[in-house]
Amino acid sequence: MYVGDSLWACGTNETIAVSSDGGQTWAVRHQTRDGDVLLDIAFVDAMTGHAAGTGGLLLSTTDGGTTWIAHNSGGTIQQFSFSDARNGIAQIGGVVKLLGMAETTGKRLMR
């Protein structure tokens, strides 16, 4: 997925990588040994993004991908979409759930 001039990719071991030269070189921004598989990554804007996958893992960034915070949804997230930095939906284990970010804590909430 392109965000501005950056190409983002995700995959096994919770790997999130970014390339600023069209995929010639990559910088790993997040990785967990023996971690879950990230199936999808998307950004709402240049600073706010999410990556999700197996084991109920949802990772969020609010600093353009420099750091990622883990949240657990309780089931594999097949697909997701955020309408803005705070509100989204996800298909988790065949059920569609609303996602929201608490304004005071910044923690991700599953509804």
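The legends below describe close-up views of a predicted model. Residues are numbered from 1 along each chain as its sequence is written, and side-chain values use heavy atoms, with hydrogens and water left out. Because the model is predicted, local features need pLDDT of at least 70 and side-chain atom pairs count only at pLDDT 80 or more, while totals for chains, interfaces and linings use all residues.

**View 1. Glu14 has a positive phi in a loop.** The phi of Glu14, which is not a glycine, is near 55 degrees. Most residues other than glycine have a negative phi. Glu14 belongs to the loop between strand S2 (6–10) and strand S3 (16–19), where strands are DSSP runs of E with at least two residues, numbered from the N terminus. With 10% relative accessibility, Glu14 is buried (buried means under 20% relative accessible area, exposed over 50%, partly exposed in between, with a 1.4 Å probe and protein chains only).

**View 2. Asp34 also has a positive phi.** Although Asp34 is not a glycine, its phi is about 60 degrees. Asp34 lies in the loop that runs between strand S4 (27–30) and strand S5 (38–43), and at 68% relative accessibility Asp34 counts as exposed.

**View 3. Ser81 is part of strand S9.** Strand S9 covers residues 77–82 and includes Ser81, which is partly exposed at 42% relative accessibility. Leaving aside residues up to four places away in sequence, Ser81 touches Gly88 and Ile89, a contact being heavy atoms within 4.5 Å. The C-alpha atoms of Ser81 and Leu99 are separated by 9.3 Å, and these residues are 18 residues apart along the chain.

How values were computed: Helix = DSSP H or I, 4+ residues; strand = E, 2+ residues; numbered from the N terminus.
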